[in-house]
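These are my notebook entries on one structure. I set down what I looked up, entry by entry.

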Amino acid sequence: MSNRVYIFDTTLRDGEQSPGVSLNMTEKLKIARQLARLGVDIIEAGFPITSPGDFAAVQAIAREVRGVTVAALARANFKDIDGAWEAIKEAEQARIHTFIATSDIHLKYKLRKDREQVIEAAVEAVKRAKKYTADVEFSAEDASRSDLDYLCRVFAAVIEAGATVINVPDTVGYSTPEEFGRFIKAIMEGTPGIEKAIVSVHCHDDLGLAVANSLAAVANGARQVEGTINGIGERAGNAALEEVVMGLYTRKDLYGLSTGFNTREIYRSSRLVSSLTGMPVQPNKAVVGKNAFAHESGIHQDGVLKERTTYEIMNPEMVGIAASNLVLGKHSGRHAFRERLLELGYNLTNEELNLAFARFKSLADKKKEITDQDLQAIVEDEIKHI
Ligand code: KIV
Ligand code: ZN
């Protein structure tokens, strides 16, 4: 089995399904170009049948963004599939991504179809898509709540019909890592013809487990991970791709897997998606949050100044952040304080430093974060003029 994990980005489709988010064509193109620079393997550009605007944006991305596969989503019916192809046919590499639900709860209440009817619709959809492109992905919506034997039958049938990627969505973010890992393993073992397809996962974050579930899946044989930048998406969002990729990269010792990600473009991609969607990134967000490489406590700052790896498992430069950031606050120590003053051009005597540090500590008791301007004021007004 290959050690390469393909990264499928759905920021422009599932990500855009985040409540309150709506991107225009220019914004979608900007994000798509950045995703190509980031080195994602597949960009899911949209769901063309849903609106003329979505169709036009998918078409523009397919025409203009090179060096990456462009996918369009389609339900398992001919109208959606024909529309998806119309939108992506000018892509350098085009993928049709078709889906239908497979859980009994979706069959009964949403589709009002029986299991055999769903298999038939899935197979017909894949065959239709296959007329247009060799690259066809099939997703079994709500796979993680589907009966395993039935799901394996569905996957075997669509592989036989020509699907090259079979996707296992945890649509409602219900799975837990051990369970999802076992589920993927059982699909790999129980689906005839599985060796002809790439197994993909698509995890939602309702229980905050999307990244953990995705990693458990690749540990059990999945070789495509779907997700979004900053983890945006329907409800609580999708697996955050920057976390999945940095998890694989940082723990290569554990997984032995690689991606085609240009990790140095991660931070820029995160900023762009945040500013264009209007969805802020929480400060303590892993990998791309404002505090992800910030150290406040004196013990941590001292450690990082002596040797970065004491408290940093990733090099901030690897994700495109200039350097780790020592935040001066009431927990900071003398070492970090002195370093910051040196950076600001103040080389104080020991006596001046003691005095300045005492002033800094009393200010830090009143003010959460001490800025460079505060430090300048302490040194210029209170120390240099004594
Ligand atoms: O969450 C989901 O099941 C989806 C599918 C369309 C892949 O987004
Ligand atoms: Zn989804």
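Entry 1, the whole chain. I looked up burial and found that 45% of the 386 residues of the chain count as buried. A residue is buried if 20 or more other C-beta atoms lie within 10 Å of its own, exposed if 12 or fewer, and partly exposed in between, with C-beta atoms placed from the backbone. I note that this is a predicted model, in which local features need pLDDT of at least 70 and side-chain atom pairs count only at pLDDT 80 or more, while totals for chains, interfaces and linings use all residues. Residues are numbered from 1 along each chain as its sequence is written, and chains are lettered from A and ligands numbered from 1 in the order in which they are written.

I then recorded 15 helices and ten strands in the chain. Helices (H or I, at least four residues) and strands (E, at least two) are DSSP runs, numbered from the N terminus. Along the principal axes, the C-alpha atoms fill a box of roughly 85 × 40 × 35 Å. Of the contacts between residues at least 6 apart in sequence, 73% join residues at least 24 apart; two residues are in contact if their C-beta atoms, placed from the backbone, lie within 7 Å.

How many of the six residues of β5 are buried? I found that six of the six residues of this strand (residues 136-141) are buried, so β5 is largely enclosed by the rest of the structure. One side carries V136, F138 and A140, the other E137, S139 and E141, and both faces are covered.

I next looked up the partners of β5. Strand β4 (residues 93-101) runs parallel to β5 and is joined to it by six bridges; H97 has E137 of β5 as its bridge partner. Strand β6 (residues 165-170) also pairs with β5 in the parallel sense, over three bridges, and there F138 has I166 as its bridge partner. Two strands pair if DSSP finds at least two bridges between them.

Most residues other than glycine have a negative phi. R112, which is not a glycine, has a positive phi of about 50 degrees, and N230, also not a glycine, has one of about 65 degrees. R112 is in the loop between α4 (104-111) and α5 (115-132), whereas N230 is in the loop between β8 (224-227) and α9 (241-250). Is each buried or exposed? R112 counts as exposed because it has 9 C-beta neighbours inside 10 Å; N230, with 29, counts as buried.

I located S22 in the loop between β1 (6-9) and α1 (25-38). S22 is exposed, as 10 other C-beta atoms lie within 10 Å. R4 is 18 residues from S22 along the chain, and their C-alpha atoms are separated by 33 Å.
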